Amino acid sequence: MRRFERTNLMKMKFFCVALFSLFVSSLSAQKSRYVYNNPVDSSYNCFLEILPDSKPYNGLIVRDFSRLPDLTKKSFYRFGDLALERGFVVLYVMTSNIFPELYFSDEGPNLLDEMIAEVVEKNNIPKQNIFIGGISASGTRALRYAQYCNSGKSKNDVKIAGAFIVDSPLDMDRFYRSSQQILKRNAKNGTLWEANLMVNLLNKEMGGSPDDFQEAYQNASVYSYNLPNGGNAHWLLSTPLIIYHEPDVDWWLAERSSTLYDINSFDIVAFVNSLSLNGSTNITLKTTTGKGFDRAGKRKPHSWSIVDELELITWIENHCR
């Protein structure tokens, strides 16, 4: 496959700047590498690999984003730094140009599988210590990929040692019906925009509503409330999971005209309950209060700020094999 790379060595001599495209990382890494598998389209099918200061590496942490981070800008959060300090390679990937991508098919997971396998082999990363996670749709993709691997679809025999999600939608049937109701009651602007987006996207990707294409919705969901044992949820029974959410009902009601059925906590609590009832013994639910804020400091429960980043990286370390 044709591609091009950009490499960064923080201690490289000045004259090398003329020969290579360099990026100064805001993270504490010594080396980073941007890889674009299609040199004429950088909108997806690309990744950013960041290596810790020293070997051996403890494992790999994968984050699937809508765009790759710009390493010339300092990150608002510390999780990347903490991962590198603890000896984990950090891999940011873009596996789709659909927004929001929720892995309705295996196309995205297939790309992700190839990227992970390449990075693991190239850097001699312990294959038993691959972790994946994210917030919102990125977290949904993380769990869908873990299910993809656990169901035997990984052509590279990738196994996920643990997954972490932050306020992610899990049941596409619920997501569609909630979005429909939001549009009918003409809720507040931000909620209306997302509801319209999701109804159009799901109609396109699933073929129509869950009333007419129920099986398609169930096949594309991490969890299905209306199926015995949660549908695809059973593929995660043996996978360690940590889940963060902040169900601030007062905020959602006042700021978004949303009910409990309209927020991702509805899926998350039902998902955790289903896994627990079916024998999962390694699932951790972290319900926070008053921690969700956006980068401007405004209240927002649906935010990475609800995550205790030190706690999360320690959880990952504790699940290394």
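Q: What makes Phe-164 the partner of Gly-133 in E7?
A: A bridge joins Gly-133 to Phe-164 in this predicted model. Strands E6 (residues 130-135) and E7 run parallel and share 5 bridges; two strands pair if DSSP finds at least two bridges between them, so E6 and E7 are paired. Strands here are DSSP runs of E with at least two residues, helices runs of H or I with at least four, numbered from the N terminus.

Q: How do you know that E7 is joined to E8?
A: E7 and strand E8 (residues 241-245), which run parallel, have 4 bridges. Ile-165 has Ile-243 as its bridge partner in E8.

Q: Why is the unit of E6, H3 and E7 called right-handed?
A: A crossover is right-handed if, with the strands pointing away from the viewer, the path from the first strand over the helix to the second runs clockwise. E6, helix H3 (residues 137-150) and E7 form such a right-handed β-α-β unit.

Q: Why is Asn-229 called partly exposed?
A: Buried means under 20% relative accessible area, exposed over 50%, and partly exposed in between (1.4 Å probe, protein chains only). Asn-229 has 47% relative accessibility, so this residue counts as partly exposed. Asn-229 lies in the loop between helix H6 (214-219) and E8.

Q: What makes E7 mostly covered?
A: In strand E7 (residues 162-166), 5 of its 5 residues are buried.

Residues are numbered from 1 along each chain as its sequence is written. Local features need pLDDT of at least 70, side-chain atom pairs count only at pLDDT 80 or more, totals for chains, interfaces and linings use all residues, and side-chain values use heavy atoms, with hydrogens and water left out.
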